[in-house]
Amino acid sequence: MDLFGVLHLDEVSHGLAGLSMFPHFDTAHYVVSVMALREQPGALEVARRSPFACWFSSMLYCFGGGILSGFMMAEAPIAFLSNSTSVLMASVIWYLVFYCPQDVVYSCSNTFPLRLVLTGMKEVTRTWKVLGGVAQAHSKYKDGLLVMIAIGWAKGAGGGLISNFEQLVRGVWKPETNELLKMTYPTKVTLIGAVLFALQQNQYLPVQKQHLMLLYTVFTVVNKTRMMLTGSSSSPFAPIESVVYSTFFAGPSPSSYTTLTTEAETLVVKKPSTATKKSIKEACESLNGVAPGSPSKTAAHKRGKGSPKKAKEQPESTETESNKKSD
């Protein structure tokens, strides 16, 4: 892009693209992830009761993206264990955060300036994870745009997407915390990054990879820093989400469904008035060929049906009188 050349950002973007995540940025990622686990309700009790369950949950927090993306790509979900150096480093950090004497490591890492720096470094690793997932999917599915987006999203936000499984490891079941039902900011920004990098990989986005990496990394780091400094948990995408939702996905509200149902039930339960009954009767008579207001065929039939009986009774009475006279 010409803008990068004018601002002399080409060297910065190339330097960022060649930056190694190990060991400093990976260490920051592990520290922030394990601290996030420790701050979950009941995590300390699980650490005292079952250290292995606590360690396994920590590994899911640290390597959740690799586990989920491997599962989706039909690869071994435990492939992260093959990198023994990273697993050992994450395990040491897990032990120090949970079991360090006097809680020194957690207390120092939880100081605001240090945690701000660690969180910013963790956001840098998000770019590499998303880009790695897109490249992994592209190696097998050259034209699979949706596959690239899914794998990039899974690798960058896998820890949040498998949060329900991680909670089960700690003996907690909260299906209402499903990340798909209520996405958090990290999941949303990772999805946006996966879409951008997948479009760039398929040459639908006219921008160089290193320039997109720089723009995305700066956005995530600056926005996360702003949220921590202001103490705000609201997503910067909230206004856009509100407009899109109200335009395309609002639909009738549940109250309108309730009103319609109540009105329908009222119409069914309500008894017809006398005028309504009369009009229904006249309509039926007109359909049967009887003039409205004239005696119906049913009544005439009943009268005709009763006349033979009376005719039969008259001869009997006449015969009885004649017998009496002859006596």
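What share of the 327 residues in the protein chain is buried? Here are some notes to go with the model, starting with that point.

1. Buried residues make up 34% of the 327 residues in the protein chain, where buried means under 20% relative accessible area, exposed over 50%, and partly exposed in between (1.4 Å probe, protein chains only). Please keep in mind that this is a predicted model, in which local features need pLDDT of at least 70 and side-chain atom pairs count only at pLDDT 80 or more, while totals for chains, interfaces and linings use all residues. Residues are numbered from 1 along each chain as its sequence is written, and side-chain values use heavy atoms, with hydrogens and water left out.

2. On the overall fold, the protein chain has 16 helices and zero strands; helices (H or I, at least four residues) and strands (E, at least two) are DSSP runs, numbered from the N terminus. Of the contacts in the protein chain with a separation of 6 or more, 72% are between residues 24 or more positions apart. A contact here means heavy atoms within 4.5 Å.

3. A helix pair worth a look is α5 (residues 51-72) with α9 (residues 145-161): their axes come within 6 Å and cross at roughly 145°. Axes are lines fitted to C-alpha atoms, for helices over the stretch in contact, and angles run from 0 to 180 degrees between N-to-C directions. The crossing of α5 and α9 is right-handed; a crossing is right-handed if the near helix is turned clockwise from the far one by less than a right angle, and left-handed if anticlockwise.

4. As for who meets whom in that pair, α5 brings L60, G64, G65, L68, S69 and M72, and α9 brings A150, I151, A154, K155, G158, G159 and L161. By class, the residues of this α5 and α9 contact are seven nonpolar, five polar and one charged. Ala, Val, Leu, Ile, Met, Phe, Trp, Tyr, Cys and Pro count as nonpolar, Asp, Glu, Lys and Arg as charged, and the others, Gly among them, as polar.

5. H211 sits in helix α12 (residues 209-230) and counts as buried because its relative accessibility is 1%. Its side chain makes a polar contact with the side chain of D10, at 2.8 Å. A polar contact is a pair of N or O atoms within 3.5 Å; within protein, one must be able to donate a hydrogen and the other to accept it, and residues adjacent in sequence count only if both atoms are side-chain atoms.

6. W173 lies in the loop between α10 (163-169) and α11 (185-201). At 56% relative accessibility, W173 is exposed, yet it touches N164 and L168, not counting residues up to four places away in sequence.

7. For the cysteines, a search of the whole structure finds zero disulfides, a disulfide being a pair of cysteine sulfur atoms within 2.5 Å. The sulfur of C108 is 8.4 Å from the closest cysteine sulfur, in C100, so the two are too far apart for a bond. C100 is buried at 16% relative accessibility, whereas C108 is partly exposed at 44%.

8. Finally, the backbone: most residues other than glycine have a negative phi, and most peptide bonds are trans. A cis peptide bond joins F22 and P23, with omega about 5°, and P23 is in the loop between α2 (10-17) and α3 (24-38). A74, in the loop between α5 and α6 (84-99), has a positive phi near 60° and is exposed at 73%. D103 also has a positive phi, about 55°.
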